[in-house]
Amino acid sequence: MKTDQYLIDFYNQYDEDSRLAPRHGSVEFLTTMRYIEKYIRPGHRVLEVGAGTGRYSHALAGRGYAVDAVELVEHNIEIFRQNTRPGEPVTITQGNAMDLSAFPDDAYDIVLLLGPLYHLYNAEDKRRALGEAIRVTKPGGLVFAAYVISDGCLLDEGFRRGNISVAGYIETGLIDPVTFAARSQPKDLFELVRKEDVDELMSVFPVTRLHYVASDGCALLLREAVDGMDGETFELFMNYHFATCERADMLGITSHAVDIFRK
């Protein structure tokens with residue numbers, strides 16, 4: 001089976017449009033948007049690569065920013081188009097993060113790469129996607145690159161919920177029995193990494209890291225508690241999260257991280 005087919009089959013039946021809707025899921029969205037809003041300015045052009053059903057693209061277009069979006073899976077593109085409001089300054093095309101040849105060099109102020117690196121399984125492919133995102137970014141522009149973090153997922157989906165068998169993953173070679181580092185293949189769908197893996201990937205690029213953020217922190221690990229919070233408590237929780245999401249001792253517990261760097 002071609003690598004892309006695993007993703008197409010998965011997203012054809014997965015409700016990607018609702019992933020960030022629950023309160024615990026909204027933490028990732030609110031955090032990423034907080035950092036985008038820190039840097040975006042009127043007149044900025046945005047490219048979202050791997051846009052899914054368009055949660056970020058539509059949020060930014062709704063604020064008046066011109067957004068071009070690229071998505072691999074046709075099913076997601078259909079939902080993206082259904083979610084597009086009349087007059088929104090947004091476009092969507094089908095494409096692959098590793099080949100953005102349809103887009104010129106130095107064209108965008110902000111490039112979002114918030115999904116593709118979840119599904120690339122070797123350094124060459126990841127660096128190709130990162131290199132393409134950097135190429136189409138203006139000098140001085142920003143790239144937001146998101147990752148799925150292995151330890152947060154292991155704690156949440158493995159030890160906390162039992163949705164994955166940690167012992168079984170060790171037996172099949174998906175988890176190192178000594179370091180507990182994860183290994184993934186296309187059939188596993190999600191590539192799980194640690195911050196040191198991200199640092200190694202980025203070591204070849206002449207860019208400046210501005211932030212490395214635990215974008216959902218402990219929200220997935222504590223999802224029942226987070227979903228049960230009243231509005232005032234959730235606001236307090238988010239203030240705590242924003243205050244701690246770049247702390248080095250919090251970065252391993254997150255299930256998702258976003259690396260923000262300047263070209």
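Start by selecting helix 5 (123-135), strand 6 (192-193) and helix 8 (195-202), each of which supplies at least two residues to the lining of the second largest pocket. Helices (H or I, at least four residues) and strands (E, at least two) are DSSP runs, numbered from the N terminus. On a 1 Å grid over the protein atoms alone, a pocket is an open set of points with protein on both sides within 12 Å along at least five of seven lines, a cavity is a set where a 1.4 Å probe fits but cannot get out, and lining residues have an atom within 4 Å of a point.

This is a predicted model, in which local features need pLDDT of at least 70 and side-chain atom pairs count only at pLDDT 80 or more, while totals for chains, interfaces and linings use all residues. Residues are numbered from 1 along each chain as its sequence is written, and side-chain values use heavy atoms, with hydrogens and water left out.

Stay with the second largest pocket and show Ala182, Glu191, Leu192, Val193 and Asp197, which lie nearest its centre among 17 lining residues. Helix 8 gives the most to this lining, with 4 residues. The pocket's volume is about 280 Å³, a volume being the space filled by probe spheres set on grid points that are joined across faces, edges and corners. Colour the lining by class and you will find 7 nonpolar, 2 polar and 8 charged residues. Here Ala, Val, Leu, Ile, Met, Phe, Trp, Tyr, Cys and Pro count as nonpolar, Asp, Glu, Lys and Arg as charged, and the others, Gly among them, as polar.

The structure holds 1 cavity of 30 Å³ or more, and about 50 Å³ of space lies in the largest cavity.

While you are in helix 10, pick out phenylalanine 234 and phenylalanine 237, which lie 3 residues apart, about one turn of the helix.

Now move to helix 2 (residues 23-39), where you will find histidine 24. Its side chain makes a polar contact with the side chain of aspartate 227 (2.9 Å). A polar contact is a pair of N or O atoms within 3.5 Å; within protein, one must be able to donate a hydrogen and the other to accept it, and residues adjacent in sequence count only if both atoms are side-chain atoms. Leaving aside neighbours within four places in sequence, histidine 24 is in contact (heavy atoms within 4.5 Å) with Ala219, Leu220, Arg223, Val226 and Asp227. Histidine 24 is buried, with a relative accessible area of 12%.

Last stop: helix 3. This helix is mostly covered, with 6 of its 8 residues buried. Select them as Tyr56, Ser57, His58, Ala59, Leu60 and Ala61. What covers them includes helix 2, strand 1 (45-49), strand 2 (66-71), helix 4 (74-83), strand 3 (90-94) and strand 4 (108-113). Finish at glycine 64, which follows helix 3 and has a positive phi, near 95°.

Technical notes: Buried < 20%, exposed > 50% of the residue type's maximum accessible area, 1.4 Å probe, protein only.
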